[in-house]
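Trainee: I am new to this structure and would like a close look at a single part. Could you walk me through how the pieces touch each other?

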Amino acid sequence: MGTVLEAEGLLVGYAGAPVCGEVSATVGAGQILGIVGVNGAGKSTVARTIAGRQSSLAGEVKVHGLLIDPDAVPFRRQVSAVFDDDLFFPSLTVREHLLLVARGHSLADPEGRVEEELEFFGLQGRSHAIPDALSSGQRRRLLLAAGLIRPSSLLILDEPEQRLDPMMRVALGERIAEHARNGSAVLLVTHDPDLLLATASSCLVIDDEVRELEPEQGASIIAGS
Amino acid sequence: MLTRESPTPDRRLAAEIVSFTRRSARRYKRSRISWGERFVDAYSWGLGIAVSLTIAASFVLALRNEIAGRASTGNSIIGTQWLILPEPVLWSAVTYAFLLVVANLARKLGPITVGGPESTWWLSLPIDRRPMVLPPFLRKVALTGAGLAVVYLPFSMVTAVNRTAAEHLVASATFGAAGVIAVTLAAFQQLDMLGPRAGRAATMTALLACAVLPAVPASPWLAAVAGLAAVVLLAVAGPRTGEVRGEELIRGGAVAGHTGASLFMMDTNEVLRALGGGRKTVDGGRAAGFFAKPVGGPLRALIRADVVAFLRLNPPLIPSLLWMLACIAMLLVEGGLPEFAQLAIVVIAGCATASGMGGVARKTALVPELDALLPLHPALVRGSRTLMPCLAMAAWMAVLSGLLVFLGASDPALIAVGALAGVGMGAGTLRSATKAAPDWSAPPVDTPFGPVPRAQLGTLMRGLDVTILAMVPLLVGLYLGYTPGIVGIVQALFSAGIVLVSVLSRPKRA
C-alpha cells in the first residue's frame, strides 16, 4: 500500500496566526483519515491547506512524495476536493456541470458517467435545471457528484454530510468507502459520528493539540461535543 | 513541486471546455431574452451613449475655445505668476500619473482573472489554463485601449489646440496603445517574473517612456512605435497567461466582480471597499502603546479607538500629497487655465483627498452594532468618528492654502480659512461613508430631459454635497485674490454647520 499523503509539522492559520496545533499525518492508498473537532478548531483550514486552497504557515505536505502545488496539472489530476463552495455557472444545467468535469478529466464515456452520478445522487429529475432552481441539499449533491465523478488518488471532503438527508448520508458513506477500496486515499472532515464510524480507518482530533485516535474514540468525541 | 506536463493536448481540451461553457451559457440566455428586449436594450444604450457624447463634446469644445482665447484674458486665481511650469512638462506629468493609475487599477482588478464559478469548475481541471484566461484578458486589453483612445481625444483637443483633426486622432491612438502597454505590464506583475518590487519599478519606468506623448508632436510613426511595443508585450505575456497562479486568478476575479457590481449599483462606498479589500498592510501593532494607556470615560476611550483605527488603516498619505502637487502644478501651467477650471481643480483635488479619509467610518458603517457598544449618544459616536478626518483635512487644506498664499494667490488669512474648510470637508467624509446603498426600487422622476433617477443620484451625491459646500467660502477668497473678514466668518459658520449636520443626522439605512 503506497503512501499518498504525508503532512509533517503542518501549521495552518490566517494572517500568520495558527488556528490549531501542528498536524502530522500519513494516509496511504485505500485509507480514510477522519478529521474531527469542535467548531473553529481548524479542521476545514487543515483540509483547505492540504488541498492547496491556502498557504501553510509552517511544515510541509506531500502528495505522492511531491510538495503540493495546486497550479500543477498532475496535482489537479490526482487530488479531488469538495468544500462548501456554492459557486455554479448560472446558465449551465446540473447535467452540463457534471459533463464539464467529466470531459475536463478526459473520461472514456463522459455522458454515461454523468448519468450514473445523476442516478446515484438522485438528480435525474433535475438534470436540466440550473443550480439556482435547486434546493440547498440538491446543490450539495451536485458538488459531491462533481468530486466523485472524476478519478483521484486523494479525495478531500469537508463536512460532506452537511445539508444531506439521512438516507443520502448512508449512501454517501458507502460510496466513500468504495472509493477508498478502489485505491484512493480519503481525507474526511466530519461532524457526523455515524459517517466517521462507517468509513474512517483512522481519526485525527484537531484542537490546540492534535491527536491521532481510533475512529470509535473520535465518534464519541463528536457525540460529546 | 510537482513537475508540469506538456500543455499542447491539454490546451485543445481546455479550449473545448471553455467553448462548451460559453455555448451552453449563450443557449440559456437566448432562451430567456427575446429579440424585442435585445432591441430595446441596444436602443437605450445607443441613445444614452449618443446623448452623453453630445454633452461631453459640447463641453470639451467650449473649454477648448475658452483655452484658445485665454491669452487675451490672462485671468488666473494667482494674480502675478512668478513661478511658471512649462506646458509640456505638466501634461507629461498628468499623462504619466494617469497611466500609473491605469496600471495600478488593472493590477488590482487582475487583469488576468477568473470569476467565482470558473474558479470552482475550471481551475480544478487538470488542463492548461491558457484558453480559459487568455480570451477575456485580450478583450479587457482591447477595451482598455479603445476606451483610453476615446478618453484621450478631448484631452488632446483641450491641451493641444493647434493640432489638426487627424493629429488628434493619431495622438488618441497612441495613447490607446500606451493604455494597452500599462495593462499588459500589470499582467507581467501577475506573472511575478521579476518579484513584486522589481515588477512595480519596471512598470513605473516603462510607463515613463509613454508619458512623453503630450510633449512631442503627434505623428503616425510615434503611434506605430507605441502600437508595436504594445503588440510585442502582448506577444510575450499572452502565451504565459496560463501560468498565473490560481490564487492570483481568483483574487483578481473577486475584486473585479465586487467592483463591477458596486459600480453597476452606483454604490461608491462599496467601490472603495472593493478596491481597498486586497490591502494586506493593516499594522495591528501600530499605536498599540497609545491605545493601552488608561483613559477616563467612554467618550475618551472611543476617541482613542478611532484615532488608533485611523492610523492602523493607513490613511492615504502619498495620494494626498500627489493630489496637492497636481493641483498646484495645474495652477502654475504656462499661460494659465481659465479661472473656473482652476477653481474646479482645487475642488476635485479636495474631494478626492477627503474621500480617502473616511476609511474608519466606511468600515464601521458595515457593523452598526459597534456604535452601540459604549453607553454614548449616537451623535457623540459620530463626532468621535469624524475627529481624525476633520484634523487630517484641516491640515491638508492649511498646507494647500499656504502654498497658494506663497505663490501669490491671496493673503495669509487664507490659510486659516483653508483649515476651517478642511474641518467641514472632514465632516463630509462621515456623511459620505455612512450613506446607504442606492435604493433602486425608487421610481425615476419625470423631467423635461426624460426620466431621472433622482433618489439614486441623491444618494450618490450624499457627502460630496457638503464637502463641496464646505469649500465655497474658500473658493470665493481665491477668486477675489484676498481674504476679507466676512469670508473667514462665513467659512467658520459653514464648517460648523456642516459638522453639526453630519454629526446630528442619523445615517439612512437601506
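Mentor: Happy to! Let us begin with a term: buried area is the accessible area, taken with a 1.4 Å probe, that two parts lose on being put together, summed over both. This is a predicted model, where local features need pLDDT of at least 70 and side-chain atom pairs count only at pLDDT 80 or more, while totals for chains, interfaces and linings use all residues. Residues are numbered from 1 along each chain as its sequence is written, chains are lettered from A and ligands numbered from 1 in the order in which they are written, and side-chain values use heavy atoms, with hydrogens and water left out.

Now to the two chains. Between them, chain B and chain A bury about 3000 Å², and 63% of that area is on carbon and sulfur atoms. Counting contact as heavy atoms within 4.5 Å, 30 residues of chain B and 35 residues of chain A take part. Four salt bridges cross this interface, each being a side-chain nitrogen of Lys or Arg within 4 Å of a carboxyl oxygen of Asp or Glu. One of them joins Asp71(A) to Arg129(B), with the closest N and O atoms 2.5 Å apart. There are also 10 residue pairs in polar contact between chain B and chain A, both residues at pLDDT 80 or more. A polar contact is a pair of N or O atoms within 3.5 Å; within protein, one must be able to donate a hydrogen and the other to accept it, and residues adjacent in sequence count only if both atoms are side-chain atoms.

On the side of chain B that touches chain A, the elements giving two or more residues are helix 1 (8-32), helix 5 (116-121) and helix 10 (246-264) of chain B. Helix 1 of chain B gives the most, with nine residues. Helices here are DSSP runs (H or I, at least four residues), numbered from the N terminus.

An automatic or database domain assignment divides chain B into domain 1 (80-264) and domain 2 (298-504).
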